[in-house]
Amino acid sequence: MSSTIITAPMTVTVSAESSTFTMSRGTWSASAPLACLPGWITLYSGLRDRGGGRWRPFYEADLAALEAAQREVRRQG
């Protein structure tokens, strides 16, 4: 059995028409309503900061992508 570890940051795409956003990395993706975006930002902030910030290198770029999506939503608002 082989496994692939994907270290590239996820991308976040906002769809104003359907009021959703999609997070994706490699073959994985998940979509949620825009109203859920703050919760995902809170989750990834917590993941980044746990262990005294030990996990920052793993989650910083993902969190930045989520925060950029939130800024885009506000700009379009």
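Colleague: At 26% relative accessibility, how does Trp55 count?

Modeller: Buried means under 20% relative accessible area, exposed over 50%, and partly exposed in between, with a 1.4 Å probe and protein chains only. Trp55, at 26%, is therefore partly exposed. Phe58 counts as exposed because its relative accessibility is 57%. This is a predicted model, where local features need pLDDT of at least 70 and side-chain atom pairs count only at pLDDT 80 or more, while totals for chains, interfaces and linings use all residues. Residues are numbered from 1 along each chain as its sequence is written, and side-chain values use heavy atoms, with hydrogens and water left out.

Colleague: What pattern does the chain follow along the sequence?

Modeller: Helices (H or I, at least four residues) and strands (E, at least two) are DSSP runs, numbered from the N terminus. Here there are two helices and three strands, in the order β-β-β-α-α. The C-alpha atoms fill a box of roughly 40 × 35 × 15 Å along the principal axes. Of the 77 residues in the chain, 25% are buried.

Colleague: How is the packing of two helices described?

Modeller: By the angle between their axes and the distance between the axes. The axes are lines fitted to C-alpha atoms, for helices over the stretch in contact, and angles run from 0 to 180 degrees between N-to-C directions. For helix 1 and helix 2 the angle is about 155° and the axes are 9 Å apart. Angles under 35 degrees count as roughly parallel, over 145 as roughly antiparallel, 65 to 115 as roughly perpendicular and the rest as oblique. Helix 1 and helix 2 are therefore roughly antiparallel.

Colleague: Which residues make the contact?

Modeller: Contact means heavy atoms within 4.5 Å. Helix 1 contributes residues including Leu37, Pro38, Trp40, Ile41 and Tyr44; among those of helix 2 are Tyr59, Leu63, Leu66, Gln70 and Val73.

Colleague: Where does Gln70 lie, and is Gln70 buried or exposed?

Modeller: Gln70 is part of helix 2, residues 56-76, and is buried because its relative accessibility is 18%. Apart from neighbours within four places in sequence, Gln70 is in contact with Leu37, Pro38 and Ile41.

Colleague: How many aromatic pairs does the structure hold?

Modeller: Rings of Phe, Tyr and Trp (its six-membered ring) pair if their centres lie within 6.5 Å; planes under 30 degrees apart count as stacked, over 60 as edge-to-face and the rest as tilted. The structure has three such pairs. Tyr44 and Tyr59 form an edge-to-face pair, because their planes are at 70°, with the ring centres 5.8 Å apart. Tyr44 is in helix 1 (residues 37-53) and Tyr59 in helix 2, so the pair ties together parts 15 residues apart in sequence. Both tyrosines, Tyr44 and Tyr59, are buried. The pair of Trp55 and Phe58 is tilted, at 5.4 Å centre to centre and 45° between the planes.

Colleague: Which residue lies over the face of Trp55?

Modeller: A charge sits over a ring if NZ of Lys or CZ of Arg is within 6 Å of the ring centre and within 35 degrees of the ring normal. Arg50 lies over Trp55 in this way, 4.5 Å from the ring centre.

Colleague: What is phi of Ser19?

Modeller: Phi is near 55°, a positive value in a residue other than glycine. Ser19 sits in the loop between strand 1 (11-15) and strand 2 (20-25), and is partly exposed, with a relative accessible area of 40%.
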